[in-house]
Amino acid sequence: MRKESKTISILVDGGEEDLPDLEHEEGSKITSITVQKNNTKRYNIYVNGEYAFAVHEDILVKYQLLKGKELNPEEMREILAAEELNRAEQYALRYLSHRPRTAKEMFEYIIAKGFQTAQSDTTVKKLIDKGYINDEAFAEQWIEERMRLRPRGRYLLFQELTSRGIDEGIVEQKLSQILNQEDEIAMIEQLIQKKFRGHTFESEWEMKKKIIPFLQRKGFSLNHSLSAISKIKKEYGL
């Protein structure tokens, strides 16, 4: 009479996958390993003639999973835990392939993929250690690109970066290093010239009334906005 195989379930890619419960299996041995058709970096592992679980090639190599290898319950738990962390890292690397991310953005993304807090924390720390996530570098690149492509004032830049989880101290430091007063005023001048090219104003008061609200929405301070207007008002006959 064939012994009934008991199973346990784990969450895999948003669904449950049944695995053999090795706590109740005797002589659990890998009997076959096959490459997945849709992902050649993943392998199906068969234990005692039945499908057991799938792993990434990194886990296959790390744990030397070969045909004939025997697995005890403790080894199985370690392998499955490592596989989950590897899956989280693979998701993270694909997410990073589009653009740099902050530590907070990455943590929230991994959580949204169904991983636990501890797994997300571990993955983010690993990516930071590898240099794939660097909040200081992110803040520096963000400010420089905004200045070049989409001008924003100090206040809005601060809000954009802190909302992405970057420490306020880091944001203040990078803003001070990259965006000085002269640069911000020059940026405001260019923005006014681009936005209000061809406009006419009857008075300086009217000019300020129309331009300052626009600049404030872009995050520029009142003082810097007034300084810029004062410098270019002659271009508008004022």
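## Basis and overall make-up

Because the model is predicted, local features need pLDDT of at least 70 and side-chain atom pairs count only at pLDDT 80 or more, while totals for chains, interfaces and linings use all residues. Residues are numbered from 1 along each chain as its sequence is written, and side-chain values use heavy atoms, with hydrogens and water left out.

The protein chain has 10 helices and 5 strands. These elements are DSSP runs numbered from the N terminus: helices are H or I with at least four residues, and strands are E with at least two. Of the 238 residues in the protein chain, 40% are buried. Buried stands for under 20% relative accessible area, exposed for over 50%, and partly exposed for what lies in between (1.4 Å probe, protein chains only). Contact is taken as heavy atoms within 4.5 Å. Of the contacts between residues at least 6 apart in sequence, 53% join residues at least 24 apart.

## Aromatic pairs

A pair of aromatic rings is described by the distance of the centres and the angle of the planes. Rings of Phe, Tyr and Trp (its six-membered ring) pair if their centres lie within 6.5 Å; planes under 30 degrees apart are stacked, over 60 edge-to-face, and the rest tilted. The count by this rule is 7 aromatic pairs. One of them is the stacked pair of Phe138 and Trp142, at 5.6 Å centre to centre with 20 degrees between the planes. Both residues belong to helix H5 (residues 135-149), and because they are 4 residues apart there, about one helical turn separates them. Phe138 is buried at a relative accessible area of 6%, and Trp142 is buried at 15%.

Phe196 and Phe214 form an edge-to-face pair, because their ring centres are 5.7 Å apart and their planes stand at 85 degrees. Phe196 lies in the loop between helix H8 (181-195) and helix H9 (204-217), and Phe214 lies in helix H9, so the pair ties together parts that are 18 residues apart in sequence. Phe196 is buried at 7% relative accessibility; Phe214 is buried too, with a relative accessible area of 10%. Ring pairs join Phe196, Phe201, Phe214 and Tyr236 in a cluster.

## A charge over a ring and a strand residue

The charged end of Arg101 sits over the ring of Tyr95, 3.7 Å from the ring centre. The rule for this asks that NZ of Lys or CZ of Arg be within 6 Å of the ring centre and within 35 degrees of the ring normal.

Tyr51 is placed in strand S5 (residues 50-56) and is partly exposed, at 32% relative accessibility. Tyr51 and Thr31 are 20 residues apart in sequence, and their C-alpha atoms are 9.5 Å apart in space.

## Packing of H9 and H10

H9 and helix H10 (residues 222-232) pack at an angle of about 135 degrees, with axes 10 Å apart. H9 is therefore oblique to H10. Axes are lines fitted to C-alpha atoms, for helices over the stretch in contact, and angles run from 0 to 180 degrees between N-to-C directions. Angles under 35 degrees are roughly parallel, over 145 roughly antiparallel, 65 to 115 roughly perpendicular, and the rest oblique.

On the H9 side, Met207, Lys208, Ile211, Ile212, Leu215 and Gln216 meet Leu222, Ser225, Leu226, Ile229 and Ile232 of H10. Ser225, in helix H10, is buried with a relative accessible area of 0%. Apart from neighbours within four places in sequence, Ser225 is in contact with Ile188, Leu215 and Phe220.
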